[in-house]
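Here is a short report for someone meeting this structure for the first time. Keep the sequence and the model side by side while you read.

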Amino acid sequence: MMIRSIDWREVSFLKILKRYFIPVFIVSVIFGLVGMFGYTKLKVTEYSSSSELVQNDNNYNLITSYKQFVESDKYRSMINAQIDQSSWKNYTHKNDYTAEIDNKTSSPFFSINISSENSNYAKFVSATAAQIFVNNIGKFLSGTNISLVQRAKTATVVSKKNDMIIAGMGIFILVFIISFLIIVLYSWYIGNVQSEDYLEKIIGLNKIAATNLSREKE
């Protein structure tokens, strides 16, 4: 039966983890919160406006195809053509918008959502996108029977809560790992024995007495 030898670095790592976990954790949490706050300040505010539509028959499966159409280059080019003929044609960020369909399962109602950093522009594009969709979807899909229920709503701020949490968690993990690596490397290769209890508390070895041996002359 073989007995695995234990490397002193393995023992010291566990000791370091136990000793510095709470301080490093607290520092990492602070940096994570600061990162979340900074993300909300640096991230450009985004607005979303939606137009409500309804599938008038029971063919709800078509809504999945509608999503593909809304995400297609063809649909976007049709919207862009209308934008270029409007008062927004010279808007610097006229191409900086996203279009998507939102639909609840087993519901004939769905919405076309337009997101942009300009609230008025988001509402305009949403109204344009809905009208283009109603007028043209039948050319690409047979059996469509759609009605516009509500025109574009006033744009509201898009919540970035999930992105903010992800940013904060990313910073927390990064600070936590880097801090521990610095502490471990400092303790192993750079740091000196700071007290007589260092070997016992950090490395996990009992105090070792120094012995001076000399060979007698023959």
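**Ground rules**

This is a predicted model, in which local features need pLDDT of at least 70, side-chain atom pairs count only at pLDDT 80 or more, and totals for chains, interfaces and linings use all residues. Residues are numbered from 1 along each chain as its sequence is written, and side-chain values use heavy atoms, with hydrogens and water left out.

**Overall fold**

The protein has 6 helices and 5 strands. Both are DSSP runs numbered from the N terminus: helices are H or I with at least four residues, strands are E with at least two. Read from the N terminus, the order is α-β-α-α-β-β-α-β-β-α-α.

Of the 218 residues, 29% are buried. Buried means under 20% relative accessible area, exposed means over 50%, and partly exposed lies in between (1.4 Å probe, protein chains only). The protein exposes about 15200 Å², an area from the Shrake-Rupley method with a 1.4 Å probe. Carbon and sulfur atoms supply 56% of that area.

Contacts here mean heavy atoms within 4.5 Å. Take the contacts between residues at least 6 apart in sequence: 77% of them join residues at least 24 apart.

**The core**

In soluble globular proteins, nonpolar side chains tend to be buried together. A nonpolar core is a set of buried Ala, Val, Leu, Ile, Met, Phe, Trp, Tyr and Cys residues joined through side-chain atoms within 4.5 Å. The largest one holds 25 residues. Its members that touch the most others are Y66, Y75, I79, I101, F110, I112 and F133. At least two residues of this core come from each of α2, α3, β2, β3 and α4. The largest share, 6 residues, is that of α4.

What does F133 contact, beyond its neighbours within four places in sequence? The list is L53, Y66, F69, V70, Y75, I101, F110, I112 and I146. Another core of 7 residues lies apart from the largest one, with V24, F180, I183 and V184 among them.

In α2 (residues 62–70), the residues L62, I63, Y66, F69 and V70 are buried. They sit on the same side of α2 because they cover an arc of only 105 degrees around the axis. That arc is taken from the directions from the helix axis to the C-beta atoms. The buried residues of α2 pack against β1, α3, β2, β3, α4 and β4. In α3, the buried residues are Y75, M78, I79, N80 and I83. Their cover includes α2, β3 and α4.

Strand β1 is largely enclosed by the rest of the structure, because 7 of its 9 residues are buried. Two strands pair if DSSP finds at least two bridges between them.

| Partner of β1 | Sense | Bridges | Example pair |
|---|---|---|---|
| β4 | antiparallel | 4 bridges | Q55 and I146 |
| β5 | antiparallel | 2 bridges | Y47 and V157 |

**A salt bridge**

Side chains of opposite charge can pair when their charged atoms come close. How many salt bridges does a search of the whole structure find? It finds 1. The term means a side-chain nitrogen of Lys or Arg within 4 Å of a carboxyl oxygen of Asp or Glu. The partners are D84 and K94, at 2.8 Å from N to O. Both lie in the loop between α3 and β2, 10 residues apart. D84 is partly exposed, at 39% relative accessibility.

**Two more residues**

Q131 belongs to helix α4 (residues 119–140). Not counting residues up to four places away in sequence, Q131 touches L148 and R151. L148 is 17 residues from Q131 along the chain, and their C-alpha atoms are 8.1 Å apart.

D163 lies in helix α5 (residues 161–190). D163 is partly exposed, at 33% relative accessibility. D163 and M36 are 127 residues apart in sequence, yet 9.0 Å apart from C-alpha to C-alpha.
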